[in-house]
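Student: I would like to learn how structural words get decided. Can we go through a protein and test each word against its definition?

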Amino acid sequence: MKREVKKKYTISVVAEMYNIHPQTLRLYEKEGLIKPYRSKGRTRYYTEEDLKRLEFVLTLSRELGVNLAGIEIILRMKEQMEEMERQIQKLLEIIQRSLQEEESEDVKAIVLSSKNVVARLKDIINKHENKGN
């Protein structure tokens, strides 16, 4: 199995990419807005997921003028909504499986009922044929 290699970026690269000071990234990390991976040597590495989150933070801050406390609340709400979406998806899958099982049971009941009807019809036909002989 081939292991997927994720790109990692250092703080200086990320700061340059987004035209922000490295100290701003450190502040965002301290406030819990972003959570870069740390190597054993304590070097910060940012993944693509971290960059997407940073872009969201920067959009809230730069374009919408949201302060850090507001950004923290928005991020928490966003995470809660994503978790609720995952739970709803799981619930829908459970409902779908349940419906399929019920349909299967309904089909079995119909088949059994049909077999009983066919057996009764055969009995009637046999009785009728025996009367005629």
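Student: Which residue in β3 is the bridge partner of R38?

Tutor: It is R44. First, some ground rules. The model is predicted, so local features need pLDDT of at least 70 and side-chain atom pairs pLDDT 80 or more, while totals for chains, interfaces and linings use all residues. Residues are numbered from 1 along each chain as its sequence is written, and side-chain values use heavy atoms, without hydrogens and water.

Student: What makes β2 and β3 a pair?

Tutor: Strands pair if DSSP finds at least two bridges between them. β2 and β3 (residues 44-46) have two bridges, in the antiparallel sense. So they pass the test. Strands here are DSSP runs of E, at least two residues; helices are runs of H or I, at least four; both are numbered from the N terminus.

Student: Why are β1 and β2 called edge strands?

Tutor: The open sheet has the order β1-β3-β2, with antiparallel pairing. β1 (9-10) and β2 (37-38) each pair on one side only.

Student: Which helix packs on the sheet?

Tutor: Helix α3 (residues 48-63) does, touching β1, β2 and β3. Touching is contact: heavy atoms within 4.5 Å.

Student: Why is E29 called buried?

Tutor: Buried means under 20% relative accessible area, exposed over 50%, partly exposed in between, with a 1.4 Å probe and protein chains only. E29 has 19%, so E29 is buried. E29 lies in helix α2 (residues 22-30). Leaving out residues up to four places away in sequence, E29 touches I34, P36, R38 and R44.

Student: What makes the link between the side chains of E29 and R44 a polar contact?

Tutor: A polar contact is a pair of N or O atoms within 3.5 Å; within protein, one must be able to donate a hydrogen and the other to accept it, and residues adjacent in sequence count only if both atoms are side-chain atoms. The E29 and R44 side chains are joined at 2.4 Å.

Student: How do you know that the protein is more spread out than a compact globule?

Tutor: Take the radius of gyration over C-alpha atoms; the globule rule is 2.2 Å times the number of residues to the power 0.38. The protein follows the pattern β-α-α-β-β-α-α. Its radius of gyration is 32 Å, well over the 14 Å from the rule for 133 residues, so the protein is more spread out. The C-alpha atoms fill a box of roughly 105 × 40 × 20 Å, taken along the principal axes.

How values were computed:
Axes are lines fitted to C-alpha atoms, for helices over the stretch in contact, and angles run from 0 to 180 degrees between N-to-C directions.
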